[in-house]
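Work through the exercises below with the structure open. Try each task before reading its solution.

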Amino acid sequence: MAASLGPAGVGGAGPSGFAFDSGLEIKTRSVEQTLLPLVSQITTLINHKDNTKKSDKTLQAIQRVGQAVNLAVGRFVKVGEAIANENWDLKEEITIACIEAKQAGETIAALTDISSLNHPESDGQITIFTDKTGVIKAARLLLSSVTKVLLLADRVVIKQIITSRNKVLATMERLEKVNSFQEFVQIFSQFGNEMVEFAHLTGDRQNDLKDEKKKAKMAAARAVLEKCTMMLLTASKTCLRHPNCESAHKNKEGVFDRMKVALDKVIEIVTDCKPSGETDMSSVSIFTGIKEFKMNIEALRENLYFQSKENLSATLEVILERTEDFTDSAYTSHEHRERILELSTQARLELRQLISVWIQSQSKKTKSIAEELELSVLKMSHSLNELKKELHSTATQLAADLLKYHADHVVLKALKLTGVEGNLEGLAEYACKLSEQKEQLVEACRLLRHISGTEPLEITCVHAEETFQVTGQQIISAAETLTLHPSSKIAKENLDVFCEAWESQISDISTLLREINDVFEGRRGEKYGYLSLPRPMKNNANLKSLKADKPDSEEQAKIAKLGLKLGLLTSDANCEIKKWEDQENEIVRNGRNMSSMAYSLYLFTRGEGPLKTSQDLIHQLEVFAEEGLKLASNVQVFSKQLKDDDKLMLLLEINKLSPLCHQLQTITKTPLQNQVFLKVDKCITKTRSMMAILVQLLSLCYKLLKKLQMENNRWVSVTNKDSMDGKT
């Protein structure tokens, strides 16, 4: 997906240097993900009781972990040295950190080398048992040096993105000034290569971002660049064909301006620098305000002096003032408007009552006053919940009605027809209608932002609002150019591109509406697909073909075979889950979720089930990998209750699962142009391996839990017997 910015014939893969750097970043993450769980195990292994005799199995496991750490460090150092050689300004710092990491890895390997521990001549040997402090120091040095390399590598990636953006901007300036078609084709070819490089870099960065808000902003900015690349091509060609047409120049300038803003937005995100004076739109939504207000009033249960009554009243007034976006809207029905005003009045009354009881409770510490305060808090919360429901109903109903009304795109079709007919009067009429439609959709996006419920969805609403605002004007200017030149094929193609962008955004609003409803009704927690991620447009005559090769019969058979094995493993996992008495245990819950998702993947290989497209599959696999990491974390917590030998058995299984989860995440995020089958094949193979480990883990955890319970019961029984003997 990240590579889809470049048009066909004007750039395939980016420069070789870029491809190498991107690989470095992926390798660094992969080695880091393998290394850190192993270091965690070293820490667990050294926290043993000194007087506990170690079995041969324990000693062998300690040695294996030490060797694995050293090997992972070796791979990490190679990647770090490669980064250093490519970036002379940071070479010295990275090299020093790599040397420290290598020394720490070798120290850990030496201290865990206990193969000769049972021989008499090894009495003077320094090991993990005789020098626990040494291995702790080595582990700390290792983590410190690895972190240092990763931070320096991050600076390299940021520098790459900024350099790539500067190259794109420089080429765009040349494109703006070009006067001949031949020169334009030559420069646009270079521009295509640079955009592919920028797309790869920003795509990798977006996948690495932990902040969901930043990730959504990056997705929105990249979506603008994705769509505007095609628009820039047709708008520029139209200008070259009709150099004296004012509307054509206006249309082209709009595309360039929007791309420059999007490029700046990407740099803001990666450098974490916000221009002075810029306000954060997502902080002013009504639902966010209500959530914070409810937290404040609920805090009164614990602390009566948490804040002043003036502050609480002012906060509510700000929220109710924002509801004027709904009541003042020309598209809000009379019934909804009256109900919102009524609920706003009710909220003010409830707050007055709450403040009155609150003041009394500060002076009177009686049980009745405390109960009255609790009741007032509950009434206030209920009042705000009712207001939320009404606002949600108002916004979603308006959006649904608009989507239904404009589903057939009558106005766009009419604009295309008046253009090829050269009908200026018809153009004026339908341009006015499109402006009305644009205002309606912009208003719907503003209201949806207030009730979206999460920051990423708020950002998606803002992005949709901006897209309708800009694209509406650009459609009109493109239609005007076609009307003035009705026989121009390039002007017609240009109008088609802008109309497709409009239709694509309408489709995104439909998906956005479903997401908002899911969040409101609690069906989707904090996870949602980023609606603004780039996707191919319908008119791909000038774009690189993004259609995947259809798998042949042999490939289909292979996928079906993998899927069948996956289906059998889900049955095994379900059998293990049924053994557990506590079905709400976190390990069981993780296992059940993974089994359910794996079954959906199995159905996908048969052409059945809820997953319809390869994109659905990739999203499901991302969630599956996250669930696997949660399982590994919960099993690790459980292992802390066990004795050393049992703990080690469990940790070795975790050590197999965690890297597979990270590898699956890397595969899902790595773009494979026209190789969908290869990607699906790799993903299902990894999933099958993870399910096999899941079955082993569920069985092992169940046995160890039973063993732990029996030992605890035996200890309680002995304690009770000793107590009875003492009394006797």
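**Exercise 1: A residue in its helix**

Leu648 lies in helix α20, residues 644-669. The model is predicted. Decide whether Leu648 is buried or exposed, then find how far Leu648 and Ala61 are apart in sequence and in space.

Solution. 
- Step 1. Take the relative accessible area of Leu648, which is 5%.
- Step 2. Apply the cut-off: buried means under 20%. Leu648 is therefore buried.
- Step 3. Turn to Ala61. In sequence, Leu648 and Ala61 are 587 residues apart. In space, their C-alpha atoms are 7.4 Å apart.

**Exercise 2: The chain as a whole**

Solution. 

**Exercise 3: α13 against α14**

Describe how helix α13 packs on helix α14.

Solution. 
- Step 1. Two numbers are needed, because packed helices are described by the angle between their axes and the distance between the axes.
- Step 2. For α13 (residues 410-421) and α14 (residues 424-451), the angle is about 155° and the axes are 9 Å apart.
- Step 3. Angles over 145 degrees count as roughly antiparallel, so α13 is roughly antiparallel to α14.
- Step 4. The crossing of α13 and α14 is left-handed.
- Step 5. List the contact. α13 supplies Val411, Leu412, Ala414, Leu415 and Thr418. From α14 come Gly426, Leu427, Tyr430, Ala431, Lys433, Leu434 and Gln437.
- Step 6. Sort by class: eight nonpolar, three polar and one charged residues make up the contact of α13 with α14.

**Exercise 4: α5 against α7**

Repeat the analysis for helix α5 and helix α7.

Solution. 
- Step 1. The axes of α5 (residues 181-208) and α7 (residues 246-271) come within 12 Å and cross at roughly 35°.
- Step 2. The crossing of α5 and α7 is left-handed.
- Step 3. On the α5 side, the contact uses Phe191, Met195, Phe198, Thr202 and Arg205. On the α7 side, Met259, Leu263, Val266 and Val270 take part.
- Step 4. By class, the contact of α5 with α7 has seven nonpolar, one polar and one charged residues.

**Exercise 5: Cysteines**

How many disulfides does the structure hold? Classify Cys228 and Cys432 by accessibility.

Solution. 
- Step 1. The structure holds zero disulfides.
- Step 2. Cys228 has a relative accessible area of 1%, so Cys228 is buried.
- Step 3. Cys432 has a relative accessibility of 43%, so Cys432 counts as partly exposed.

Definitions and conventions
Residues are numbered from 1 along each chain as its sequence is written. This is a predicted model: local features need pLDDT of at least 70, side-chain atom pairs count only at pLDDT 80 or more; totals for chains, interfaces and linings use all residues. Side-chain values use heavy atoms; hydrogens and water are left out. Axes are lines fitted to C-alpha atoms, for helices over the stretch in contact, and angles run from 0 to 180 degrees between N-to-C directions. Helices (H or I, at least four residues) and strands (E, at least two) are DSSP runs, numbered from the N terminus. Angles under 35 degrees count as roughly parallel, over 145 as roughly antiparallel, 65 to 115 as roughly perpendicular and the rest as oblique. A crossing is left-handed if the near helix is turned anticlockwise from the far one by less than a right angle, and right-handed if clockwise. Contact means heavy atoms within 4.5 Å. Ala, Val, Leu, Ile, Met, Phe, Trp, Tyr, Cys and Pro count as nonpolar, Asp, Glu, Lys and Arg as charged, and the others, Gly among them, as polar. A disulfide is a pair of cysteine sulfur atoms within 2.5 Å. Buried means under 20% relative accessible area, exposed over 50%, partly exposed in between (1.4 Å probe, protein chains only).
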